[in-house]
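Subject: Structure handover and notes

Dear colleague,

I am passing on the structure that you will be working with, followed by my notes on what was found in it. Please keep it open while you read.

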Amino acid sequence: MRKETSGERGSSSGGGGGASPNLEWRFNQTLRNVQGLLKGRSMPGKVMLSRKSEPLNQGTPPEASSTYFNRSFSDNDRDEDEPNDNSFEGEGWVVVPKQIGMGKLHNSKSAKSMGDANNSNNASPESSTSFSVDAQRLVAGARATDSARVTKFTQELSRPAIILEKLRELSWSGIPPYMRPNIWRLLLGYAPPNSDRREAVLTRKRLEYVDCVSQYYEIPDIERTDEEINMLRQIAVDCPRTVPDVTFFQHAEVQKSLERILYSWAIRHPASGYVQGINDLVTPFLIVFLSEHLEGGMENWSVTNLSPQILSNIEADCYWCLSKFLDGMQDHYTFAQPGIQRLVFRLKELVRRIDEPVSKHIEDQGLEFLQFAFRWFNCLMIREIPFHLVTRLWDTYLSEGDSLPEFLVYISASFLLTWSDELQKLDFQEMVMFLQHLPTKNWTHHELEMVLSRAYMWHTMFNSSPSHLAG
């Protein structure tokens, strides 16, 4: 994955001293999304988005409201009718027209930063009075808007040479499930952007994976070193523990696929070898690439219905995508995992800047961020949210490219401060238990989009004012 600058993530042109038009548009859109979702409630860090309007669902057709905001999701995050109607509103998309007002922001610590952001974006607080009418029109026309976005994806994918920056922009806010396998391969640089080379490259890489498995995995233990035997045993122990609450991963065939992928990757990456937690990182790839060949809910899937060739191709895609994904964060899994320790330190500093009361309470109780945030970064939040939301979260991960480790800090801060008020009422032991068993079991895309919206907003605020994060 190519290294991106902070300005490039929102735009394919990063020149000039000010914010690019696309970055400015994304910033405005994010703030409006948060405003619409919060409906005037306060956010952690004393950020308040207020408006002069009735609740969003007043005057909105019941069928539009219930369809858009309360739709249920299958385990594999795919709706049966999506390939037919080209809609993916079920993924929690919130597409807000440019005319909706930004509203008012108040932040005692970041007033100057946000004031500059508001000025640069030419937002008018007074325009918030039109929010209700515009939002109601938005909900009523949600399906058409989503179809338009699907059309944009289709247009980008139909190019002879895909422009990855544009694909990243579209993908950051979520990818239609049936397009996800191809787009993930492209975003990770596994599949080339030139369509005339794509099939040949994938065929060659899949054969290379088969050779790798034959050379390193399908051999007797007598040909392995003691270290390799111990590593294989640890992988065999961890595979049954992978996403234990999802029945599909308890199938013996699935665990054997995980074992082959993990062992092959570990042998080919001796600097880190196998580290517990990497087993979780394979699961989003496995689910997405299996979804190309298996229909219905994940609870009804069986890999025994797949031919050996298809299963081999899926494993190869998982292996290469995992390799590409971890290329930008190798020091997260080397000895002592210094990359993760660095992110935990930055998270602590960021939370202190955004929400000093909760930061002080955590410190006063003697709770170290390393005690709960290490797992977040090690497993990239997979164990913290319902599994059916993971692929949507990873759409944003892969869109961030090499900037992902930096953005993970903001996602984690937004995630933690979701429970700012609750945390300040707990003592040390209660906080430990709470953070180990967070109340996310019933989360939908609505809550996940809130976390991502706050993370993007704070990243935009603090990234343009690095002094806010100075020690």
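Which residues does His 269 touch, not counting residues up to four places away in sequence? They are Tyr 319, Ser 323 and Gln 330, where contact means heavy atoms within 4.5 Å.

Before going further, please note that this is a predicted model, in which local features need pLDDT of at least 70 and side-chain atom pairs count only at pLDDT 80 or more, while totals for chains, interfaces and linings use all residues. Residues are numbered from 1 along each chain as its sequence is written, and side-chain values use heavy atoms, with hydrogens and water left out.

The chain as a whole has 21 helices and two strands, these being DSSP runs numbered from the N terminus (H or I and at least four residues for helices, E and at least two for strands). Of its 471 residues, 56% are buried, a word that stands for under 20% relative accessible area, with exposed meaning over 50% and partly exposed in between (1.4 Å probe, protein chains only). Among contacts between residues at least 6 apart in sequence, 76% join residues at least 24 apart.

To return to His 269, this residue sits in the loop between α11 (252-268) and α12 (278-290), and it counts as buried because its relative accessibility is 14%. Thr 334 is 65 residues from His 269 in sequence, yet the two C-alpha atoms are 10.0 Å apart in space.

Asn 194 also lies in a loop, the one between α8 (180-187) and α9 (195-217), but its relative accessibility is 29%, so Asn 194 counts as partly exposed. Leaving out residues up to four places away in sequence, Asn 194 touches Pro 160 and Ala 161, and its C-alpha atom is separated by 9.5 Å from that of Ile 163, which is 31 residues away along the chain. Just after α8, Gly 189 takes a positive phi of about 80°.

In helix α20 (residues 428-436), the residues Met 431, Val 432, Phe 434 and Leu 435 are buried. They lie on the same side of α20 because they cover an arc of only 165° around the axis, the arc being that of the directions from the helix axis to the C-beta atoms. The elements that cover these buried residues include α15 (356-364), α16 (370-379), α18 (404-416) and α19 (420-423). Within α18 you will find Ser 412, which counts as buried because its relative accessibility is 1%; apart from neighbours within four places in sequence, Ser 412 is in contact with Leu 347, Trp 376, Phe 377 and Met 381.

Lastly, there is the largest pocket, which holds about 670 Å³ of space. Of the 24 residues that line this pocket, the closest to its centre are Asp 245, Arg 383, Ile 385, Pro 386 and Phe 387. A pocket here is an open set of points on a 1 Å grid over the protein atoms alone, where a 1.4 Å probe fits, with protein on both sides within 12 Å along at least five of seven lines, and lining residues have an atom within 4 Å of a point. The volume is the space filled by probe spheres set on the points, which are joined across faces, edges and corners.

With best wishes
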